[in-house]
Amino acid sequence: MTRSFHVGQPFDTPDIDITTALEDVSIPTLLLSLVHITGDPSYIRDFTQAGLFLNEVQGFMSEADKARARAAALPVIADYRDRGCPVPDPLPSELVEEMLDWAACEPVDPDNMALMLEELDLEGADPRRPTALQVADDFSVIVIGCGESGVLAGVRLTQAGIPFTIVEKNAGPGGTWWENSYPGARVDVANHFYCFSFEPSNHWDHFFAEQPELRQYFREVVDRHGLEPHIRWNTEVLSATWQDERWHVTVRTAGGTQTLTANAVITAVGQLNRPQIPEFPGAQTFAGPAFHSAKWDHSVDVTGQRVALIGAGASGFQIAPAIADKVAHLTVFQRTAQWMFPNPMYHDRVPEGARWAMQHLPFYGRWYRFLLLWPGADKGLDAARVDPDYPDQGNAVSEINALARIMFTDWITTQVGDDPELLAKVLPDYPATGKRTLQDNGSWLSTLKRDNVDLIRTPIERITPTGIVTSDGVEHKVDIIVYATGFRATDVLFPMTVTGRDGTDLHARWGSRPFAYRGITVPGFPNFFMTYGPGTHLAHGGSLIMNSELQMRYINKCLEHLITAGLRSMEPLPEPTAAWHARSQEAIRKTVWAHPSVKHSYFKNADGEIHTVSPWRLSEYRSAIDEPLFSDYQEA
Ligand code: NAP
């Protein structure tokens with residue numbers, strides 16, 4: 001076996017430093033690595049993890065057992081070092097499955113087993129890598145967008161040998177992570193999992209990386225895979241039109257507009273990209289700086305200023321703690337209170353010892369990835385699906401959802417229970433996880449308790465040159481307004497014009513109900529493939545990067561089919577598309593996100609319907625898009 005990054009780099013670390021490092025590591029992950037080093041399953045069989053596995057990287061072990069694990073590890077690791085850190089022999093598949101069950105603290109069902117093994121990739125074989133093809137010179141693909149899914153598309157098309165151009169409106173890669181540079185911006189999906197499966201994931205400074213580190217990550221992936229020559233920066237797509245069996249993509253650059261052509265188009269524009277600013281009366285009259293969180297104006301110094309922060313979703317939630325100690329006064333306007341998931345590690349740096357383990361202990365990083373993925377895989381969906389027999393549907397949609405509500409309520413109450421007025425403002429009045437649940441280490445509520453911070457729940461009526469007037473007639477005087485008011489998430493592919501076969505306009509076809517066959521293709525739009533299309537937003541867990549990898553594998557297989565079968569075009573048939581959409585809609589209506597008490601959320605369109613979110617388990621969706629069913633397609 002060659003040495004993939006999964007195995008870790010050889011080391012000559014002295015015992016004393018290994019002992020110190022072991023204080024920082026995840027003990028379950030360490031024990032799994034010891035099984036690889038020794039081939040001896042007793043390292044998991046002799047240590048029982050008890051209890052529900054949640055986001056607890058140290059596992060459910062007694063302190064005495066953890067100390068026993070560290071003591072057992074030192075001689076094994078020292079011996080491995082002294083043997084020159086050889087690549088461990090592959091483990092029997094039954095043992096790997098036993099290790100997965102042990103790490104998950106429960107039997108991993110067969111569907112998830114396949115997904116988890118693929119994601120773990122213990123062989124270092126990159127199982128989602130596409131087949132390399134012989135492609136005619138005149139076949140090409142245009143990828144729209146160079147965020148995570150556009151970068152991924154570039155990597156996979158390169159590996160397949162398919163000529164392509166990526167068109168990106170920004171000056172560099174990363175999409176969201178290029179644009180959102182507001183103070184406090186960081187990912188709230190654990191980073192050692194929120195990264196490509198085929199790239200090393202052992203380098204992160206923080207468990208939840210800050211924006212500059214993520215932006216740098218995408219730059220490095222672009223460079224490592226030689227994508228730069230294929231990318232046109234500062235180039236925005238205005239329209240895409242299917243004509244004469246090719247896509248004609250009109251782009252705008254500093255020099256004017258231009259039309260590019262290709263056999264196929266892949267959209268990689270994300271769902272959370274186009275800022276949404278509510279039209280408050282008088283907004284234009286405001287005399288000071290005003291900007292959206294995704295377009296932070298770094299020329300404006302907030303120090304000593306009175307700042308209004310409108311919106312308290314994931315962005316506002318990060319901005320307030322990051323600026324509260326600099327501003328003279330912060331007024332937070334929160335329309336809806338948010339549920340928060342307690343996560344003490346949210347702002348933590350990865351300790352040195354844990355980094356050492358990620359970089360050197362065989363498969364440590366892979367198992368750590370699994371421990372992060374597993375609790376977010378389907379557990380969130382279990383808590384989101386409606387149990388029709390649960391009696392108290394007003395407060396919760398199921399028993400497990402009710403338990404989440406109790407846990408989250410406790411988390412809020414222990415922090416602000418001494419301030420009944422604030423408690424009443426911050427306790428949500430809808431079931432837990434009904435909107436996107438935020439990661440929290442206590443920084444949000446401690447910010448709201450500061451003397452120079454006010455939380456306003458009274459609706460905004462209008463904006464004046466000097467402040468914001470709420471419906472109680474009070475004017476809140478401010479110098480700067482920050483709109484952390486989210487994105488046009490339900491307007492899929494906004495503001496592009498997409499015209500398919502017979503002149504059909506995609507947005508006219510969709511109306512307010514975007515749909516796609518398995519979230520990727522649309523009847524009447526030949527050779528048009530979407531990543532992160534309708535019905536694929538992950539509200540319950542997992543990582544969009546993983547979803548993109550699964551979708552891109554599907555798209556590669558479709559392109560391979562087009563090329564090897566010598567087809568001009570393929571598009572899904574209306575019936576299977578309608579059947580997929582109907583099934584998805586039926587499932588989504590039975591989730592907490594559709595609960596009537598959730599008045600506003602970026603999952604719901606103006607009619608209160610949900611068309612952008614996936615109701616499927618990660619493993620269900622993987623099965624649905626593992627292999628294209630070409631009988632569901634019309635080919636020409
Ligand atoms: P968001 O979750 O849609 O939140 C928008 C906020 O603005 C909400 O508080 C919303 O109130 C408020 N708002 C919108 N229109 C309003 C109006 N007319 N009047 C008053 N308030 C209004 O947007 P976001 O915070 O930018 O986050 C969007 C998504 O981006 C996140 O959920 C996440 O998926 C992603 N994101 C991720 C990270 C991360 O990974 N750390 C960071 C930022 C964003 P209501 O709640 O009442 O609608």
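Helix α10, residues 314-323, gives three residues to the shell around the ligand, the largest share. Helices here are DSSP runs of H or I with at least four residues, strands are runs of E with at least two, and both are numbered from the N terminus. This is a predicted model, in which local features need pLDDT of at least 70 and side-chain atom pairs count only at pLDDT 80 or more, while totals for chains, interfaces and linings use all residues. Residues are numbered from 1 along each chain as its sequence is written, and side-chain values use heavy atoms, with hydrogens and water left out.

Which residues come nearest to the ligand? Of the 24 around it, they are Arg186, Ser315, Arg335, Thr336 and Lys435. Near means that a heavy atom of the residue lies within 4 Å. The shell has eleven nonpolar, eight polar and five charged residues. In this scheme Ala, Val, Leu, Ile, Met, Phe, Trp, Tyr, Cys and Pro are nonpolar, Asp, Glu, Lys and Arg are charged, and the others, Gly among them, are polar. Domain 1 (141-274 + 489-635) and domain 2 (283-345 + 395-483) each supply at least three residues to the shell; the bounds come from an automatic or database domain assignment.

Now the contacts. A ligand nitrogen is 2.8 Å from an N or O atom in the side chain of Gln318. A ligand oxygen is 2.9 Å from an N or O atom in the side chain of Tyr602, and for the side chain of Arg436 the distance from a ligand oxygen to an N or O atom is 3.1 Å. The cut-off for a polar contact is a pair of N or O atoms within 3.5 Å. On its own the ligand has 900 Å² of accessible area (Shrake-Rupley method, 1.4 Å probe), and the protein covers 87% of that.

On a 1 Å grid over the protein atoms alone, a cavity is a set of points where a 1.4 Å probe fits but cannot get out; a pocket is an open set with protein on both sides within 12 Å along at least five of seven lines, and lining residues have an atom within 4 Å of a point. A volume is the space filled by probe spheres set on the points, which are joined across faces, edges and corners.

The second largest pocket holds about 240 Å³ of space. Its lining has 13 residues, and Pro90, Leu91, Val96, Leu122 and Glu123 are the closest to its centre. Helix α5 (residues 93-104) provides three of the lining residues, the largest share.

How many cavities of 30 Å³ or more does the structure hold? There are three. The largest cavity has about 120 Å³ of space. Among its 15 lining residues, Pro534, Gly535, His581, Ser584 and His611 are the closest to the centre. That lining has nine nonpolar, six polar and no charged residues.

Last, the backbone. The peptide bond from Phe494 to Pro495 is cis, with omega near 0°, and Pro495 sits in the loop between β17 (480-483) and β18 (497-499). Asp121 has a positive phi, near 50°, and is not a glycine. Asp121 lies in the loop between α6 (110-120) and β1 (141-144).

Note on methods. Polar contact = N/O pair within 3.5 Å; in protein donor to acceptor, adjacent residues only side chain to side chain.
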